[in-house]
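Please look at the sequence and the structure shown here.

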Amino acid sequence: MVYSAAVIGTGSDPDEPGQDGYAMGYRHGHAYRRNDACELVACSDIVPENGRAFAREFGLEDAGVYEDYEAMLSAVEPDIVSVCVPPSIHASIVIGCAESGVPQAIHCEKPMAETWADCQEMVRACERAGIQLTINHQRRFGAPFREAKRLLDEGTIGDLRRIEVAEETLFDAGSHLFDLCGYYTEEAAIEWVLAQVDYREENVWFGTPNATQALSQWRYEDGTQGLARTGASNPDGGCYLRLIGTDGSIEIGVEDGPTLRVRSDDNGWRTIGTGGETIHGWASPGYVGAAVRKLKERLPLVAPEDRSGNVFIERALADVVDAIGTDRTPELAAERALRATEVIFASWESARRGGRVDLPLDIEDNPLVAMIEAGQLGPEEEASGGEADADADFGADSDDDADADVDAGSGTDSDADSDEQTAAADGGESTSGAE
(Lines give C-alpha, C1' and ligand atoms only; values in the text may rest on other atoms or scores of the structure.)
Protein backbone atom coordinates (compact mmCIF):
# COMPACT_ATOMS: atom_id res chain seq x y z
CA MET A 1 0.00 0.00 0.00
CA VAL A 2 1.15 3.55 -0.78
CA TYR A 3 0.23 6.24 1.75
CA SER A 4 -0.43 9.82 0.67
CA ALA A 5 1.51 12.40 2.70
CA ALA A 6 1.30 16.16 3.22
CA VAL A 7 3.48 18.72 5.01
CA ILE A 8 2.03 21.55 7.10
CA GLY A 9 4.55 24.37 7.49
CA THR A 10 7.10 24.17 4.67
CA GLY A 11 9.21 27.00 6.03
CA SER A 12 11.36 29.29 3.94
CA ASP A 13 14.87 28.79 2.53
CA PRO A 14 16.27 25.46 3.80
CA ASP A 15 19.80 26.67 3.00
CA GLU A 16 19.54 29.50 5.54
CA PRO A 17 18.81 27.76 8.87
CA GLY A 18 18.79 29.75 12.08
CA GLN A 19 16.96 30.32 15.34
CA ASP A 20 14.04 31.84 13.44
CA GLY A 21 13.49 28.83 11.19
CA TYR A 22 15.01 25.55 10.11
CA ALA A 23 12.65 24.55 7.26
CA MET A 24 12.29 21.05 8.64
CA GLY A 25 9.38 20.53 6.25
CA TYR A 26 11.95 20.01 3.50
CA ARG A 27 13.62 17.21 5.47
CA HIS A 28 10.27 15.54 5.94
CA GLY A 29 9.57 16.04 2.24
CA HIS A 30 12.80 14.34 1.21
CA ALA A 31 12.09 11.46 3.60
CA TYR A 32 8.65 10.92 2.05
CA ARG A 33 10.08 11.11 -1.45
CA ARG A 34 12.66 8.44 -0.67
CA ASN A 35 10.11 6.07 0.88
CA ASP A 36 8.47 3.74 -1.65
CA ALA A 37 5.45 3.36 0.63
CA CYS A 38 4.69 7.10 0.51
CA GLU A 39 3.64 9.70 -2.04
CA LEU A 40 4.01 13.37 -1.16
CA VAL A 41 0.85 14.98 -2.55
CA ALA A 42 0.36 18.39 -0.89
CA CYS A 43 1.71 21.11 1.37
CA SER A 44 0.40 24.13 3.24
CA ASP A 45 2.10 27.27 4.51
CA ILE A 46 0.59 30.62 5.49
CA VAL A 47 3.29 32.31 3.39
CA PRO A 48 2.25 31.51 -0.21
CA GLU A 49 5.73 31.80 -1.68
CA ASN A 50 7.05 29.30 0.85
CA GLY A 51 4.48 26.77 -0.29
CA ARG A 52 5.19 27.40 -3.97
CA ALA A 53 8.94 27.02 -3.47
CA PHE A 54 8.37 23.73 -1.65
CA ALA A 55 6.10 22.52 -4.47
CA ARG A 56 8.79 23.32 -7.05
CA GLU A 57 11.37 21.38 -5.03
CA PHE A 58 9.19 18.28 -4.79
CA GLY A 59 7.31 18.45 -8.08
CA LEU A 60 3.87 19.08 -6.61
CA GLU A 61 1.05 20.38 -8.76
CA ASP A 62 -0.23 23.90 -8.10
CA ALA A 63 -3.46 22.34 -6.89
CA GLY A 64 -1.52 20.67 -4.08
CA VAL A 65 -0.36 23.96 -2.52
CA TYR A 66 -2.52 25.53 0.20
CA GLU A 67 -2.35 28.44 2.64
CA ASP A 68 -5.01 26.89 4.91
CA TYR A 69 -4.13 23.46 6.27
CA GLU A 70 -7.78 22.69 7.02
CA ALA A 71 -8.69 23.29 3.38
CA MET A 72 -5.84 21.00 2.39
CA LEU A 73 -7.07 18.23 4.68
CA SER A 74 -10.59 18.51 3.29
CA ALA A 75 -9.54 18.55 -0.36
CA VAL A 76 -6.63 16.09 -0.39
CA GLU A 77 -7.42 13.78 2.56
CA PRO A 78 -3.79 12.70 3.15
CA ASP A 79 -3.07 9.49 5.06
CA ILE A 80 -0.07 11.00 6.87
CA VAL A 81 0.55 14.62 7.87
CA SER A 82 3.83 16.13 9.00
CA VAL A 83 3.42 19.18 11.26
CA CYS A 84 6.50 21.40 10.90
CA VAL A 85 5.31 24.74 12.29
CA PRO A 86 6.77 26.62 15.30
CA PRO A 87 6.20 24.98 18.72
CA SER A 88 3.73 27.63 19.83
CA ILE A 89 1.16 26.37 17.31
CA HIS A 90 2.00 22.65 17.33
CA ALA A 91 -0.94 21.89 19.62
CA SER A 92 -3.60 23.85 17.75
CA ILE A 93 -2.69 22.28 14.41
CA VAL A 94 -2.20 18.72 15.72
CA ILE A 95 -5.54 18.92 17.54
CA GLY A 96 -7.16 20.40 14.43
CA CYS A 97 -5.84 17.55 12.29
CA ALA A 98 -7.05 15.00 14.84
CA GLU A 99 -10.52 16.51 15.07
CA SER A 100 -10.82 16.52 11.28
CA GLY A 101 -10.64 12.73 11.34
CA VAL A 102 -8.75 12.77 8.04
CA PRO A 103 -5.20 11.47 8.55
CA GLN A 104 -4.33 8.04 9.89
CA ALA A 105 -1.09 9.39 11.34
CA ILE A 106 0.38 12.74 12.39
CA HIS A 107 4.16 13.15 12.64
CA CYS A 108 4.91 16.38 14.54
CA GLU A 109 8.23 18.15 14.93
CA LYS A 110 9.77 18.51 18.36
CA PRO A 111 9.55 20.02 20.94
CA MET A 112 5.95 18.99 21.55
CA ALA A 113 4.28 22.28 22.53
CA GLU A 114 4.83 25.47 24.46
CA THR A 115 2.77 24.58 27.54
CA TRP A 116 2.44 21.37 29.51
CA ALA A 117 -1.35 21.44 29.12
CA ASP A 118 -1.02 21.64 25.33
CA CYS A 119 1.41 18.71 25.26
CA GLN A 120 -1.08 16.54 27.10
CA GLU A 121 -4.07 17.66 25.04
CA MET A 122 -2.29 16.81 21.77
CA VAL A 123 -1.97 13.21 22.96
CA ARG A 124 -5.54 13.03 24.28
CA ALA A 125 -7.02 14.47 21.06
CA CYS A 126 -5.26 11.88 18.91
CA GLU A 127 -6.24 9.07 21.27
CA ARG A 128 -9.91 10.14 21.07
CA ALA A 129 -9.74 10.22 17.27
CA GLY A 130 -7.85 6.93 16.97
CA ILE A 131 -5.02 8.68 15.12
CA GLN A 132 -1.36 7.69 15.50
CA LEU A 133 0.70 10.62 16.84
CA THR A 134 4.49 10.62 16.78
CA ILE A 135 7.05 13.30 17.68
CA ASN A 136 10.19 13.64 15.56
CA HIS A 137 12.89 12.66 18.07
CA GLN A 138 14.69 11.02 15.17
CA ARG A 139 18.09 10.63 16.82
CA ARG A 140 16.93 7.33 18.30
CA PHE A 141 17.50 5.95 14.80
CA GLY A 142 21.12 7.08 14.50
CA ALA A 143 23.87 4.47 14.46
CA PRO A 144 25.79 6.03 17.42
CA PHE A 145 22.72 5.79 19.64
CA ARG A 146 21.73 2.32 18.43
CA GLU A 147 25.24 1.00 18.98
CA ALA A 148 25.33 2.49 22.48
CA LYS A 149 22.03 0.74 23.25
CA ARG A 150 23.43 -2.55 21.99
CA LEU A 151 26.48 -2.19 24.24
CA LEU A 152 24.27 -1.34 27.20
CA ASP A 153 21.91 -4.27 26.56
CA GLU A 154 24.86 -6.66 26.25
CA GLY A 155 26.03 -5.68 29.73
CA THR A 156 29.27 -4.09 28.53
CA ILE A 157 29.16 -1.51 31.34
CA GLY A 158 27.13 -3.53 33.82
CA ASP A 159 23.89 -2.12 35.21
CA LEU A 160 23.03 1.46 34.27
CA ARG A 161 23.35 3.82 37.24
CA ARG A 162 23.54 7.35 35.82
CA ILE A 163 22.89 9.25 32.59
CA GLU A 164 24.58 12.59 31.92
CA VAL A 165 23.64 14.84 28.99
CA ALA A 166 24.79 18.23 27.68
CA GLU A 167 23.23 20.58 25.11
CA GLU A 168 22.60 24.23 24.29
CA THR A 169 19.08 24.25 25.73
CA LEU A 170 16.73 22.05 27.75
CA PHE A 171 13.67 22.65 25.60
CA ASP A 172 14.46 22.82 21.91
CA ALA A 173 17.76 21.03 21.33
CA GLY A 174 17.53 19.25 24.67
CA SER A 175 14.26 17.47 23.92
CA HIS A 176 16.25 14.94 21.88
CA LEU A 177 18.35 14.10 24.90
CA PHE A 178 15.45 13.55 27.26
CA ASP A 179 13.90 11.25 24.66
CA LEU A 180 17.17 9.33 24.43
CA CYS A 181 17.24 9.00 28.21
CA GLY A 182 13.87 7.26 27.96
CA TYR A 183 15.28 5.03 25.23
CA TYR A 184 18.19 3.89 27.39
CA THR A 185 16.08 3.34 30.51
CA GLU A 186 13.33 1.37 28.70
CA GLU A 187 10.92 4.28 29.26
CA ALA A 188 11.17 3.89 33.05
CA ALA A 189 9.06 6.17 35.24
CA ILE A 190 10.70 9.22 36.83
CA GLU A 191 10.07 9.98 40.51
CA TRP A 192 11.30 13.57 40.87
CA VAL A 193 13.15 16.48 39.25
CA LEU A 194 15.33 19.16 40.86
CA ALA A 195 16.65 22.03 38.74
CA GLN A 196 17.75 25.64 38.40
CA VAL A 197 17.73 27.85 35.30
CA ASP A 198 19.06 31.23 34.16
CA TYR A 199 17.84 33.68 31.50
CA ARG A 200 20.32 36.54 31.68
CA GLU A 201 20.28 36.99 27.89
CA GLU A 202 17.31 36.82 25.55
CA ASN A 203 17.38 33.36 23.99
CA VAL A 204 14.40 32.84 21.69
CA TRP A 205 14.39 29.74 19.50
CA PHE A 206 11.69 29.57 16.80
CA GLY A 207 9.49 31.99 18.72
CA THR A 208 9.85 30.32 22.13
CA PRO A 209 12.15 31.40 25.01
CA ASN A 210 14.79 28.89 26.09
CA ALA A 211 16.87 29.18 29.27
CA THR A 212 20.42 30.33 28.61
CA GLN A 213 21.82 28.00 31.27
CA ALA A 214 20.38 25.14 33.29
CA LEU A 215 21.19 22.28 35.63
CA SER A 216 18.64 19.52 36.07
CA GLN A 217 18.76 16.32 38.09
CA TRP A 218 16.17 13.54 38.17
CA ARG A 219 15.71 10.04 39.52
CA TYR A 220 14.06 6.97 38.00
CA GLU A 221 12.03 4.52 40.05
CA ASP A 222 14.84 1.94 39.82
CA GLY A 223 17.31 4.39 41.37
CA THR A 224 19.07 5.44 38.16
CA GLN A 225 19.99 9.13 38.24
CA GLY A 226 19.93 11.69 35.42
CA LEU A 227 21.86 14.94 35.06
CA ALA A 228 21.44 17.58 32.32
CA ARG A 229 23.71 20.58 31.81
CA THR A 230 23.05 23.32 29.26
CA GLY A 231 24.64 26.58 28.22
CA ALA A 232 27.53 27.70 30.40
CA SER A 233 26.97 24.67 32.64
CA ASN A 234 28.42 22.42 29.93
CA PRO A 235 31.91 21.23 30.90
CA ASP A 236 34.84 21.72 28.51
CA GLY A 237 35.96 18.51 26.90
CA GLY A 238 32.69 16.77 27.69
CA CYS A 239 30.34 14.74 25.55
CA TYR A 240 26.76 14.85 24.27
CA LEU A 241 25.56 11.85 26.30
CA ARG A 242 27.24 9.60 28.87
CA LEU A 243 25.95 6.29 30.24
CA ILE A 244 27.58 5.27 33.51
CA GLY A 245 27.20 1.72 34.71
CA THR A 246 28.45 -0.44 37.55
CA ASP A 247 31.32 -1.73 35.38
CA GLY A 248 32.18 1.11 33.00
CA SER A 249 30.96 4.00 30.83
CA ILE A 250 29.75 4.76 27.31
CA GLU A 251 30.22 8.21 25.78
CA ILE A 252 28.47 9.53 22.66
CA GLY A 253 29.54 12.64 20.78
CA VAL A 254 32.85 13.26 22.55
CA GLU A 255 34.14 16.81 22.10
CA ASP A 256 37.28 16.66 19.93
CA GLY A 257 37.04 12.87 20.13
CA PRO A 258 35.22 9.88 18.66
CA THR A 259 31.50 9.73 18.05
CA LEU A 260 31.20 6.66 20.29
CA ARG A 261 33.54 5.08 22.79
CA VAL A 262 33.29 2.64 25.70
CA ARG A 263 35.42 1.98 28.77
CA SER A 264 35.17 -0.95 31.17
CA ASP A 265 36.70 -0.93 34.62
CA ASP A 266 39.44 -3.30 33.43
CA ASN A 267 40.40 -1.44 30.24
CA GLY A 268 40.87 2.02 28.78
CA TRP A 269 38.68 3.76 26.23
CA ARG A 270 37.81 1.81 23.08
CA THR A 271 36.36 3.54 20.00
CA ILE A 272 33.27 1.92 18.51
CA GLY A 273 32.51 2.28 14.80
CA THR A 274 29.25 3.92 13.72
CA GLY A 275 29.48 3.43 9.97
CA GLY A 276 30.45 7.06 9.41
CA GLU A 277 27.42 8.51 11.18
CA THR A 278 27.77 11.30 13.74
CA ILE A 279 25.20 12.32 16.32
CA HIS A 280 23.65 14.52 13.60
CA GLY A 281 23.66 12.00 10.76
CA TRP A 282 26.03 12.14 7.83
CA ALA A 283 26.35 15.90 7.63
CA SER A 284 28.11 18.45 9.78
CA PRO A 285 25.81 19.66 12.56
CA GLY A 286 23.58 22.68 12.67
CA TYR A 287 24.26 26.03 11.06
CA VAL A 288 27.91 25.16 10.31
CA GLY A 289 26.82 22.07 8.41
CA ALA A 290 24.47 24.11 6.23
CA ALA A 291 27.24 26.57 5.44
CA VAL A 292 29.61 23.74 4.53
CA ARG A 293 27.04 22.23 2.17
CA LYS A 294 26.46 25.60 0.48
CA LEU A 295 30.20 26.09 0.03
CA LYS A 296 30.58 22.68 -1.58
CA GLU A 297 27.81 23.51 -4.04
CA ARG A 298 29.57 26.72 -5.08
CA LEU A 299 33.03 25.19 -5.58
CA PRO A 300 33.25 23.56 -9.03
CA LEU A 301 35.94 21.08 -8.02
CA VAL A 302 34.24 19.89 -4.84
CA ALA A 303 31.26 17.56 -5.25
CA PRO A 304 28.44 18.16 -2.74
CA GLU A 305 27.94 15.34 -0.25
CA ASP A 306 25.08 13.06 -1.30
CA ARG A 307 24.51 11.82 2.23
CA SER A 308 22.73 14.15 4.64
CA GLY A 309 21.34 14.41 8.14
CA ASN A 310 18.00 13.39 6.68
CA VAL A 311 19.00 9.75 7.17
CA PHE A 312 17.65 9.78 10.74
CA ILE A 313 14.34 11.32 9.62
CA GLU A 314 14.07 8.81 6.80
CA ARG A 315 14.33 5.98 9.32
CA ALA A 316 11.93 7.69 11.70
CA LEU A 317 9.27 8.14 9.03
CA ALA A 318 9.82 4.58 7.78
CA ASP A 319 8.97 3.41 11.30
CA VAL A 320 5.91 5.69 11.38
CA VAL A 321 4.65 4.19 8.12
CA ASP A 322 5.40 0.63 9.15
CA ALA A 323 3.51 1.12 12.42
CA ILE A 324 0.39 2.18 10.52
CA GLY A 325 0.49 -0.95 8.41
CA THR A 326 1.24 -3.38 11.24
CA ASP A 327 -0.94 -1.80 13.94
CA ARG A 328 1.93 -1.61 16.43
CA THR A 329 3.18 1.19 18.67
CA PRO A 330 5.68 3.33 16.73
CA GLU A 331 9.04 3.91 18.33
CA LEU A 332 8.46 7.67 18.45
CA ALA A 333 4.98 7.38 19.98
CA ALA A 334 3.75 10.64 21.50
CA GLU A 335 3.28 8.99 24.89
CA ARG A 336 7.05 8.46 25.06
CA ALA A 337 7.73 12.03 23.99
CA LEU A 338 5.29 13.21 26.66
CA ARG A 339 7.33 11.50 29.40
CA ALA A 340 10.52 13.09 28.08
CA THR A 341 8.91 16.52 27.80
CA GLU A 342 7.58 16.28 31.36
CA VAL A 343 11.18 16.40 32.64
CA ILE A 344 11.73 19.70 30.82
CA PHE A 345 8.61 21.38 32.22
CA ALA A 346 9.33 19.89 35.65
CA SER A 347 12.82 21.41 35.52
CA TRP A 348 11.35 24.86 34.93
CA GLU A 349 8.74 24.27 37.63
CA SER A 350 11.46 23.24 40.08
CA ALA A 351 13.23 26.55 39.40
CA ARG A 352 9.95 28.43 39.92
CA ARG A 353 9.21 26.67 43.22
CA GLY A 354 12.81 26.71 44.39
CA GLY A 355 12.72 23.02 45.26
CA ARG A 356 12.19 19.45 44.14
CA VAL A 357 9.16 18.56 42.03
CA ASP A 358 7.60 15.12 42.38
CA LEU A 359 6.00 13.61 39.29
CA PRO A 360 3.45 13.45 37.79
CA LEU A 361 3.56 17.15 37.08
CA ASP A 362 0.48 19.08 38.22
CA ILE A 363 0.78 22.33 36.23
CA GLU A 364 -0.65 23.56 32.91
CA ASP A 365 1.49 26.54 31.89
CA ASN A 366 5.10 27.15 30.83
CA PRO A 367 6.96 28.03 34.06
CA LEU A 368 9.95 29.54 32.22
CA VAL A 369 7.79 31.95 30.22
CA ALA A 370 5.77 32.74 33.34
CA MET A 371 8.93 33.64 35.28
CA ILE A 372 10.18 35.83 32.43
CA GLU A 373 6.84 37.64 32.13
CA ALA A 374 6.70 38.15 35.91
CA GLY A 375 10.18 39.70 35.91
CA GLN A 376 11.67 36.86 37.98
CA LEU A 377 14.05 36.04 35.14
CA GLY A 378 15.46 38.31 32.44
CA PRO A 379 18.55 39.97 31.01
CA GLU A 380 20.63 41.81 33.58
CA GLU A 381 20.69 45.59 33.43
CA GLU A 382 23.67 46.99 31.59
CA ALA A 383 25.94 49.19 33.63
CA SER A 384 25.05 52.13 31.39
CA GLY A 385 21.36 51.82 32.27
CA GLY A 386 19.02 53.65 29.88
CA GLU A 387 17.25 51.41 27.41
CA ALA A 388 18.23 48.28 29.32
CA ASP A 389 15.89 49.22 32.17
CA ALA A 390 12.71 48.50 30.28
CA ASP A 391 14.15 45.46 28.55
CA ALA A 392 15.26 43.86 31.81
CA ASP A 393 11.72 43.97 33.15
CA PHE A 394 10.45 41.46 30.63
CA GLY A 395 13.53 39.72 29.22
CA ALA A 396 12.74 41.24 25.81
CA ASP A 397 14.62 43.19 23.17
CA SER A 398 13.66 46.80 22.57
CA ASP A 399 13.27 46.53 18.80
CA ASP A 400 9.94 45.67 17.20
CA ASP A 401 11.14 42.45 15.55
CA ALA A 402 12.36 41.03 18.85
CA ASP A 403 9.09 42.02 20.52
CA ALA A 404 7.21 40.05 17.88
CA ASP A 405 9.45 37.06 18.54
CA VAL A 406 8.71 37.12 22.26
CA ASP A 407 5.00 37.57 21.61
CA ALA A 408 4.98 34.50 19.38
CA GLY A 409 6.91 32.54 21.97
CA SER A 410 4.66 33.44 24.89
CA GLY A 411 1.28 33.10 23.19
CA THR A 412 -1.13 30.24 23.72
CA ASP A 413 -2.82 28.03 21.17
CA SER A 414 -6.33 29.22 22.10
CA ASP A 415 -6.46 31.50 19.04
CA ALA A 416 -4.90 29.59 16.18
CA ASP A 417 -5.50 32.31 13.57
CA SER A 418 -3.81 34.95 15.69
CA ASP A 419 -0.88 32.67 16.52
CA GLU A 420 -0.40 31.72 12.90
CA GLN A 421 -0.25 35.37 11.89
CA THR A 422 2.35 35.98 14.60
CA ALA A 423 4.34 33.01 13.32
CA ALA A 424 4.20 34.51 9.83
CA ALA A 425 5.75 37.69 11.20
CA ASP A 426 8.59 35.55 12.54
CA GLY A 427 9.37 34.15 9.12
CA GLY A 428 6.58 31.71 8.26
CA GLU A 429 5.75 28.22 9.35
CA SER A 430 9.33 27.03 9.61
CA THR A 431 9.91 24.55 12.35
CA SER A 432 11.82 24.48 15.57
CA GLY A 433 13.97 21.42 15.38
CA ALA A 434 17.59 21.24 14.53
CA GLU A 435 18.19 17.70 13.46
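**The second largest cavity**

The second largest cavity is lined by Glu 164, Val 165, Ala 166, Arg 229, Pro 235, Gly 238, Cys 239 and Arg 242. This is a predicted model, in which local features need pLDDT of at least 70 and side-chain atom pairs count only at pLDDT 80 or more, while totals for chains, interfaces and linings use all residues. Residues are numbered from 1 along each chain as its sequence is written, and side-chain values use heavy atoms, with hydrogens and water left out.

**Cavity: terms, count and lining**

- A cavity is a set of points, on a 1 Å grid over the protein atoms alone, where a 1.4 Å probe fits but cannot get out, and its lining residues have an atom within 4 Å of a point.
- Grid points are joined across faces, edges and corners, and a volume is the space filled by probe spheres set on the points.
- By this rule there are three cavities of 30 Å³ or more, and the volume of the second largest cavity is about 40 Å³.
- The most is given by β7, with three residues.
- The lining of the second largest cavity comprises four nonpolar, one polar and three charged residues; Ala, Val, Leu, Ile, Met, Phe, Trp, Tyr, Cys and Pro count as nonpolar, Asp, Glu, Lys and Arg as charged, and the others, Gly among them, as polar.

**Backbone: cis peptide bonds**

- Most residues other than glycine have a negative phi, and most peptide bonds are trans.
- Lys 110 and Pro 111 are joined by a cis peptide bond, with omega at about -10 degrees, and Pro 111 belongs to the loop between β5 (105-108) and α5 (116-129).
- Leu 359 and Pro 360 are also joined by a cis peptide bond, with omega at about 10 degrees; Pro 360 is in the loop between β17 (357-358) and α11 (367-373).

**Backbone: positive phi**

- Glu 187, a residue other than glycine, has a positive phi near 60 degrees and is placed in the loop between α7 (174-184) and β8 (190-198).
- Glu 187 counts as buried because its relative accessibility is 19%, where buried means under 20% relative accessible area, exposed over 50%, and partly exposed in between (1.4 Å probe, protein chains only).
- Phe 206 has a positive phi near 55 degrees and is found in the loop between β9 (204-205) and β10 (208-209).
- With a relative accessibility of 4%, Phe 206 counts as buried.

Methods. On a 1 Å grid over the protein atoms alone, a cavity is a set of points where a 1.4 Å probe fits but cannot get out, and a pocket is an open set with protein on both sides within 12 Å along at least five of seven lines; lining residues have an atom within 4 Å of a point. Helices (H or I, at least four residues) and strands (E, at least two) are DSSP runs, numbered from the N terminus.
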